[in-house]
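Have a look at the model first, and then we can go through it together.

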Amino acid sequence: MKARVFVMLKNGVLDPQGEAVRHALGSLGFDGVDGVRQGKVIELTLSESDEAAARSTVTEMCEKLLANTVIESYRIELSA
Amino acid sequence: MKAAVIVFPGSNCDRDLAVALERAGAQVEMVWHKESDLPSDIDMIAIPGGFSFGDYLRCGAIAANSPITRAVVAHAGRGGYVLGICNGFQVLTETGLLPGALMRNAGLKFTCHTQELLVETEASDFTSGYSKGQTLRIPVAHHDGNYNADEALLARLKGEDRIAFTYGNNPNGSVADIAGVLSENRRVLGMMPHPERVVDTAHGSTDGAPLFDALVNAVVSA
């Protein structure tokens, strides 16, 4: 089973990198970009085949290491 | 006074920190991160600056899960002293020993210069060698020193007099210009500036020396 973890800065936490990307897009002539948020994707290949068990384990991984929940939120996608 | 300096792969201020502590009179042992126990009778632990584990994932995140870090957390839990400088501060927030988080500098640039720093409290064994309101000149060198705290945490830090230092001319976007914070029991200090780089007249300044002197004296006279 594969898991994809999306880690983003929480809403309300200023994302200076996203802002820099937004400015760069503007200077390239892409108008109408009102906001950019930059995050990361972490792909995990798991030996677990039960979806509920995998979700529970990956949630624990996110809480302990993959995300800093003080400033970041995370979302988990599972696929076979 | 026995101090342990923790060394991670990528630490690069560990020897400077050991020299600063020895100069203040401490007996220093370097401890590799894979150790699971600290040497016996350790009074304080210092976590140095650098780029532990290449700053992979987030600054300090991997180091915060090293075997030795469990011993550091246990030492703090017993009321032991812990000092984290720069990457060491990032490690301490990642372990939860200190609240808040350190994010990418608001200006996105790595900042490296001598920084004006204000002493916000002298009520700790780290800062008792300074006077409240005193201005120090201490180097900073970091890419992720932008201290983040929500309003509730900020109010709590202020109310409990736990902001140790603030920046004179904020170099990184830190909330309320915060450069260093103390734990609830005032025995854990994390700070982005590098006091260990200014402890000898040959360094051009000795503004960092009173921090190490005060700490060693506090332990020796306890």
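A salt bridge here is a side-chain nitrogen of Lys or Arg within 4 Å of a carboxyl oxygen of Asp or Glu. Keep in mind that this is a predicted model. Over all chains, the structure holds 13 salt bridges.

Let's begin with Arg156(B), which forms a salt bridge with Glu184(B); their closest N and O atoms are 3.4 Å apart. Arg156(B) sits in helix α4 (residues 151–159) of chain B, while Glu184(B) belongs to the loop between β10 (178–182) and β11 (188–191), so the pair ties together parts that are 28 residues apart in sequence. Arg156(B) is partly exposed, at 39% relative accessibility, and Glu184(B) is exposed, at 57%. These two residues also belong to a network of salt bridges that links Arg156(B), Glu160(B), Arg162(B) and Glu184(B).

Another pair to visit is Glu29(B) and Lys2(B), a salt bridge whose closest N and O atoms are 3.8 Å apart. This pair links distant parts of the chain, with Glu29(B) in strand β2 (residues 27–32) and Lys2(B) in strand β1 (residues 2–7) of chain B, 27 residues apart. Glu29(B) is partly exposed, with a relative accessible area of 29%, whereas Lys2(B) counts as buried at 18% relative accessibility.

## A bridge between chains

Which residue of chain A does Arg58(B) form a salt bridge with? The partner is Glu72(A), and the closest N and O atoms of the pair are 3.7 Å apart. Arg58(B) lies in the loop between β3 (44–47) and α2 (67–77) of chain B, and Glu72(A) lies in strand β3 (residues 72–79) of chain A, so the pair joins two chains.

Cys13(B) counts as buried, at 3% relative accessibility.

Note on methods: Residues are numbered from 1 along each chain as its sequence is written. Chains are lettered from A and ligands numbered from 1 in the order in which they are written. This is a predicted model: local features need pLDDT of at least 70, side-chain atom pairs count only at pLDDT 80 or more; totals for chains, interfaces and linings use all residues. Side-chain values use heavy atoms; hydrogens and water are left out. Helices (H or I, at least four residues) and strands (E, at least two) are DSSP runs, numbered from the N terminus. Buried means under 20% relative accessible area, exposed over 50%, partly exposed in between (1.4 Å probe, protein chains only).
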